[in-house]
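Hi,

Here is the structure I promised to pass on. Have a look at it first, and my notes follow below.

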Amino acid sequence: MPQQSIDELLTAAETCRYLKIAPRTLYRYIQERRMPAFKLGKEWRFVRSDLEQWIRRRVTVRRRRG
């Protein structure tokens, strides 16, 4: 049986570092439902592969508008 890769869960702080954005920007994106995120208890969590896909979609849209 092939081993499936497990998507890495990131905290808000890790996501800010990964995306190189300020926490204020991150929480604004969450509030506006502009990025994939979910709550685990009281903390926001982010799946790295979802963020990568979100970034690719944003880049594609910008290239089309160009």
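In this predicted model, the side chain of Thr15 reaches the backbone oxygen of Thr11 at 2.8 Å. Thr15 is found in helix H1, which covers residues 12–19. Is Thr15 buried or exposed? Its relative accessibility is 0%, and because buried means under 20%, Thr15 counts as buried. Leaving aside residues up to four places away in sequence, Thr15 touches Leu10, Leu26, Phe46 and Leu51.

Two of those names turn up again in the sheet: Leu10 has Phe46 in E3 as its bridge partner. Strand E1 and strand E3 (residues 43–47) pair in the antiparallel sense over 2 bridges.

Stepping back, the sheet is open and has 3 strands in the order E1-E3-E2, with antiparallel pairing. The edge strands are E1 (9–10) and E2 (38–40), and each of them pairs on one side only. Helix H3 (residues 48–65) packs on this sheet, where it touches E1 and E3, and its direction makes about 70° with that of E3.

Phe38 has Arg45 in E3 as its bridge partner. These two strands, E2 and E3, form a hairpin with 2 residues between them. What stands out in the turn is Gly41, with a positive phi of about 70°.

Best wishes

Conventions:
Residues numbered from 1 in each chain as written. Predicted model: local features only at pLDDT ≥ 70, side-chain atom pairs only at ≥ 80, totals over all residues. Heavy atoms only, no water. Pairing = 2+ DSSP bridges. Helix = DSSP H or I, 4+ residues; strand = E, 2+ residues; numbered from the N terminus. Contact = heavy atoms within 4.5 Å. Axes fitted to C-alpha atoms, helices over the stretch in contact; angles between N-to-C directions. Buried < 20%, exposed > 50% of the residue type's maximum accessible area, 1.4 Å probe, protein only. Polar contact = N/O pair within 3.5 Å; in protein donor to acceptor, adjacent residues only side chain to side chain.
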